[in-house]
Number of protein chains: 2
Amino acid sequence: MSDLKVRILKAVQPDLDAIETALAKNLNPHLDLVRDVAGHILFSGGKRLRPLLMVLSARLCGYRGDYDKTFSTALEYLHAATLLHDDLVDGASLRRNKPAAHLQWGNSIAVLVGDFLLARALSVSAATGRARIVQILAELTEQMSQGEVHQLMRKGDIRLSEAEYLEVIRRKTAVLFETACRVSAVLAEASAEKESALAAYGLNLGMAFQIADDLFDYTLGTSQLGKDVGSDLREGKMTLPLIQGLKQAGVEDREWMVGVVQDPKFSSGDFLKLVGLLQASGAIRYVEQAAETYIFKAKEALALFPKTETLGTLIDIADYALHRRV
Amino acid sequence: MSDLKVRILKAVQPDLDAIETALAKNLNPHLDLVRDVAGHILFSGGKRLRPLLMVLSARLCGYRGDYDKTFSTALEYLHAATLLHDDLVDGASLRRNKPAAHLQWGNSIAVLVGDFLLARALSVSAATGRARIVQILAELTEQMSQGEVHQLMRKGDIRLSEAEYLEVIRRKTAVLFETACRVSAVLAEASAEKESALAAYGLNLGMAFQIADDLFDYTLGTSQLGKDVGSDLREGKMTLPLIQGLKQAGVEDREWMVGVVQDPKFSSGDFLKLVGLLQASGAIRYVEQAAETYIFKAKEALALFPKTETLGTLIDIADYALHRRV
């Protein structure tokens, strides 16, 4: 485990324990099957990054109440709901080294339990008594579902530009991080300035996390990923490594790459050759730098807060976005 | 058109027009595809019963604001979201005489646009500034998704009891009607007594509507239904006509009926024979009486309100639950 990860975990272990308890306690389904399916996705080694960001954001804004841990389940439930629906949409087979829920229980159950989790997220938020918090979360869900539709519409389209890719990941991932930080500032009744600063931190952190995730799909093995190697490529997802690779490749390599993108039955040899080309052309390095730029912006956004331990942990989490698998 | 329908439409036409405008105006998607799919389900001849109940409930409670029409879109969006997801879950092929969205655009788009509509419903509700309204709607969504899971778990199970059937339709349909009426009383800042009365009206009306729908699946033709005749039976849905039919049939007829339930490839002759048995055994009449009892309870719940034109329309709508296709 990296020093960075050790330091983060040491600082947040009591919060993570409290979040874990709250996640089990607030799920509250009527049916055992709903509990099983929701549990399959919720209690399978997720990093709890979103609830953790919420608890830390509220603390950074001086929150003194006792609803922060319960409230933090909202975005984990919402995240789990989107994983259930997105794995179905993407036809994914593995999630965190377990069969995806839609394969184990069928599409129908994955859809309905996703709906249940989405509703739980909004119930937990509404219990804050703040309509504005629910409004922000509902708008987030609108953005995320449309981000997924957008991605689906452009599947396998080799003309997807970097700008369009960034717009897709902003909607489907970064706004969730942004919202996690923002609503916690609202809960803590922070100033508009602090709320905006935390929202900017979350947005940039989310961009960095998704870009890094998309990078790891080309650079890490199945056991580290918890899902199949090359699954983005197999699903026809145009992510930044590929977009840059296509841009920087020579005519011949580019033609070969287009062939691989358009044939989801590529061999593992093909995949290794592709990764080699992405390395050699500088595409991998380009993507790392893009993630680093967002990490820098995320940290910069927090400049107005005093230098507390909580601030230190949020800074560490930003660095962890790119260095979490090394 | 029946006198009842003519009288209702005459009373509510300006409201229906305003609701129609609000539905188009508040949908507000970023993507044309989302607009197309949501429009396919939203603007295909729905009765607008849920938004209408909201507008009338608010009026009955003396609401004087101008948010009632916009607010009423919330439950129509939510209803459309559940239709998109449920048609996928049920494998339905037709909805209001058009191909179901999951067949026209694929499961993924149906899931994601459903999520979008669910989120729009909660956004529109949150804009009331009342966290309690959102809380009620989020709890409703929890109930409905679990009602669907419950129904799915018991598909084709000939042991489903009438009590369990009533519990399923309460969760998957009646709570939506209940909520439509309740939240409008909350919006109008009605007394707790009036809120409960309207909620009871909505719940009983919803039960009557679903029981009548399940009845029509056996007694009406495809063009009147807007979907395939016998589709509940084909999907293995155990509804009240069948539950009663199995209960009241003799040993031989019962065995034959079980065979039809367990073989989704039954012929139209088999279906006609089944309907004949349901008629002869008194099962159809039993189901009509069950619906009539709920209609009576719905009307009774409104006794505390003064006799205005709005009250008269709500009473007419209760009668319409069973008499809408005649």
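This is a predicted model: local features need pLDDT of at least 70, side-chain atom pairs count only at pLDDT 80 or more; totals for chains, interfaces and linings use all residues.

**Two copies and their contact**

Modeller: Residues are numbered from 1 along each chain as its sequence is written, while chains are lettered from A and ligands numbered from 1 in the order in which they are written.

Colleague: How many residues are in contact?

Modeller: 39 residues of chain B are in contact with 39 residues of chain A. Contact means C-beta atoms, placed from the backbone, within 7 Å.

Colleague: Which elements of chain B give two or more residues to that side?

Modeller: They are α2 (32–42), α4 (68–90), α6 (107–126) and α7 (131–153) of chain B. α7(B) gives the most, with 14 residues. Helices are DSSP runs (H or I, at least four residues), strands likewise (E, at least two), numbered from the N terminus.

Colleague: How do the residues on that side divide?

Modeller: On the side of chain B that touches chain A, 21 are nonpolar, 12 polar and 6 charged. Nonpolar covers Ala, Val, Leu, Ile, Met, Phe, Trp, Tyr, Cys and Pro; charged is Asp, Glu, Lys and Arg; the others, Gly among them, are polar.

Colleague: New topic. What does the secondary structure of chain A come to?

Modeller: 16 helices and 2 strands. The C-alpha atoms of chain A fill a box of roughly 60 × 45 × 35 Å along the principal axes.

Colleague: How much of chain A is buried?

Modeller: 53% of its 326 residues. Buried means 20 or more other C-beta atoms within 10 Å of a residue's own; exposed is 12 or fewer, and partly exposed is in between.

Colleague: And the largest nonpolar core, how many residues has it?

Modeller: It has 221 residues, and A:Ala208 and B:Ala208 have the most contacts inside it. Such a core is a set of buried Ala, Val, Leu, Ile, Met, Phe, Trp, Tyr and Cys residues joined through C-beta atoms within 7 Å. Leaving out residues up to four places away in sequence, B:Ala208 touches B:Ala291, B:Tyr294, B:Ile295, B:Ala298, B:Ala321 and B:Leu322.

Colleague: Is helix α12 of chain B enclosed or open?

Modeller: Largely enclosed by the rest of the structure, because 7 of the 9 residues of α12(B) (240–248) are buried. B:Gln244 and B:Gly245 are among the buried ones. The cover includes α8 (162–187), α9 (192–219), α13 (251–262), α14 and α15 (283–301) of chain B.

Colleague: What does B:Leu274 touch?

Modeller: B:Met257 and B:Val260, not counting residues up to four places away in sequence. B:Leu274 is in α14 (268–280) of chain B. It counts as buried, with 22 C-beta neighbours inside 10 Å.

Colleague: Last one. Where is B:Arg48?

Modeller: In the loop between α2 and α3 (49–60) of chain B. B:Arg48 has a positive phi of about 60 degrees, although it is not a glycine.

Key:
Two residues are in contact if their C-beta atoms, placed from the backbone, lie within 7 Å.
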